[in-house]
Amino acid sequence: MEMLGRSIVSIRDFPKEEIQTIVQKSLEVKAGKWSGVLKDKVLATLFFEPSTRTRLSFESAMVSMGGQTIGFADANVSSAKKGESLADTIRTVTGYCDAIVMRHPVEGAARLASEVATVPVINAGDGANQHPTQTFLDLVTIQEEFGRLSNLRIGMLGDLKYGRTVHSLAKALSLFGAQQVFISPPSLRMPGYTQEQLKQVGADYEEIEDISELTQELDVLYVTRIQKERFADFQEYERVAGAYTINRSAFEVLGEKCRVMHPLPRVDEISTELDETENAIYFRQAHNGIPTRQALLGLVLGVIQ
Amino acid sequence: MTTKAHKVYAIENGTVIDHIPSPNALKVVKILGVHQEGILTVGMNFKSKKQGRKDIVKVENLKLTAAVTDRLALVAPTATINIIEGGKVTEKRPIKVPLEFKGLLRCPNPNCITNVEEIPTHFKREGELTKPTVRCRYCERIYKDPGDLVI
């Protein structure tokens with residue numbers, strides 16, 4: 001697999017074998033192999049839209065492997081504020097660094113950046129479209145937990161309509177023959193276009209409205225936040241959000257061994273009483289962002305083979 | 001003596017676009033931008049052995065080049081182009097249906113970068129040749145009626 005110089009824009013750009021290699025390299029990094037390989041490398045972090053977790057994770061990933069970061073965390077301090085085009089910003093920044101990580105509110109911004117940059121561009125979220133490093137770290141966490149990505153029964157719960165995380169993850173898991181169960185209120189179902197794409201790759205999935213309708217236990221329940229701003233009526237939001245909260249009693253239907261994941265930030269959808277249980281792997285999942293992003297940076301910069 | 005009745009009369013010089021899937025004739029006219037280019041004959045819903053129903057567009061006194069007619073790839077991939085000179089067919093060609101379309105379509109997603117920055121759009125064709133869908137290279141959305149997106 002040739003990763004040197006490649007941009008990481010969309011999970012769709014990666015066939016199954018490449019995803020497996022990236023997951024494996026991430027676990028190698030986590031185990032301590034490849035330490036310090038990002039020494040003397042400079043990463044530009046261009047966050048045209050606020051993000052705490054993803055930005056800090058990339059910065060920590062870079063610094064703890066010997067590299068350095070430059071960049072901004074707010075579009076108001078960049079030249080975009082002065083009316084500069086994104087393409088021109090990227091053409092300039094590309095000369096200051098070895099790789100660019102970018103979050104932008106407009107869909108396709110990362111693809112455009114990858115076309116004009118002379119260094120690899122890593123997409124840290126482009127509007128509602130893609131956030132591939134989140135998908136990779138989700139897969140790394142599943143591989144770490146189960147020792148495999150294939151033949152798993154995975155539920156996705158909550159806002160499946162607007163959550164780009166679940167769209168990409170569902171597509172990636174389909175490549176590994178997962179049985180997927182989409183659990184959401186009717187108004188927040190997995191969108192038709194995502195379902196079309198899943199059907200195209202022969203995905204095995206079903207849709208239900210409540211975990212009580214589960215017919216088999218799950219290996220993983222991937223929970224997403226239901227956002228207030230998606231509802232015009234606040235009472236309707238409270239009713240829906242209340243119905244999609246996971247607490248200890250949920251494991252009677254999920255199965256005692258079911259692992260719970262969440263892209264974070266969490267609000268009320270997972271009860272804090274789960275935090276100390278073996279079922280809760282969402283904080284470890286977030287921490288896996290570091291070795292996963294280190295592996296991706298190392299691969300595209302040619303210092304991890 | 002019997003005279004064969006022509007529902008769409010023959011032209012002496014120009015371009016005949018045959019085997020257009022019904023009812024796309026008007027979209028063909030729009031995409032070609034020939035509605036003010038002299039006499040046009042549009043026939044719709046003719047019986048066709050190959051495709052059930054077909055439309056025909058005849059453009060008089062205008063020899064349309066492949067670069068122009070290939071823009072019909074998404075509304076009339078099955079069409080044939082006949083160039084007529086002196087009442088005779090001097091050239092007959094199919095439509096080339098490429099796998100990618102650069103600058104031909106607009107992306108209807110208002111939050112797509114192609115609607116924010118001045119860059120040419122870029123779509124990939126997916127699905128069946130006769131019923132293509134397209135995917136925007138940038139925002140990655142898939143559209144079912146790409147013929148409606150032709151700029």
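User: Which side chain does A:Asp88 meet in a salt bridge?

Analyst: In this predicted model, the side chain of A:Asp88 meets that of A:Arg91 in a salt bridge, with a distance of 2.9 Å from N to O.

User: And how far apart are A:Arg91 and A:Asp88 in their helix?

Analyst: They are 3 residues apart in helix α3 of chain A, which covers residues 86–93, and therefore about one helical turn separates them.

User: What does A:Lys39 pair with?

Analyst: A:Lys39 forms a salt bridge with A:Asp40, and the closest N and O atoms of this pair are 3.6 Å apart. A:Lys39 is exposed, because its relative accessible area is 53% and the cut-off for exposed is over 50%. A:Asp40 is exposed as well, with a relative accessible area of 57%.

User: OK, which salt bridge partner does B:Arg141 have?

Analyst: The side chain of B:Arg141 meets the side chain of A:Glu107 in a salt bridge, at 3.0 Å from N to O. A:Glu107 lies in the loop between β3 (99–104) and α4 (109–116) of chain A, while B:Arg141 lies in the loop between β8 (132–136) and β9 (142–143) of chain B, so this pair joins two chains.

User: Is A:Glu107 buried or exposed?

Analyst: A:Glu107 counts as buried, because its relative accessibility is 5% and buried means under 20%.

User: Which residues do salt bridges with shared partners join into one network?

Analyst: The network consists of A:Lys30, A:Glu144, A:Glu145, A:Arg259, A:Glu278 and A:Arg284, which are joined by salt bridges that share partners.

User: How many salt bridges does the structure hold over all chains?

Analyst: Counted over all chains, the structure holds 25 salt bridges.

User: Changing topic, which residues form a nonpolar patch with B:Leu26 on the surface?

Analyst: B:Leu26 forms a nonpolar surface patch with B:Val42 and B:Met44, and together the three have about 250 Å² of accessible area.

User: Where is B:Leu26 placed in chain B, and why does it count as exposed?

Analyst: B:Leu26 is in helix α1 of chain B, which covers residues 25–32. B:Leu26 counts as exposed because its relative accessibility is 55%, and the cut-off for that class is over 50%.

Technical notes:
Residues numbered from 1 in each chain as written. Chains lettered and ligands numbered in written order. Predicted model: local features only at pLDDT ≥ 70, side-chain atom pairs only at ≥ 80, totals over all residues. Heavy atoms only, no water. Patch = residues over 30% accessible without salt bridge, like charges linked within 9 Å, V, L, I, M, F, W, Y side chains within 5 Å. Areas by Shrake-Rupley, 256 points an atom, 1.4 Å probe, with all protein chains shown as cover. Salt bridge = Lys/Arg side-chain N within 4 Å of Asp/Glu carboxyl O. Helix = DSSP H or I, 4+ residues; strand = E, 2+ residues; numbered from the N terminus. Buried < 20%, exposed > 50% of the residue type's maximum accessible area, 1.4 Å probe, protein only.
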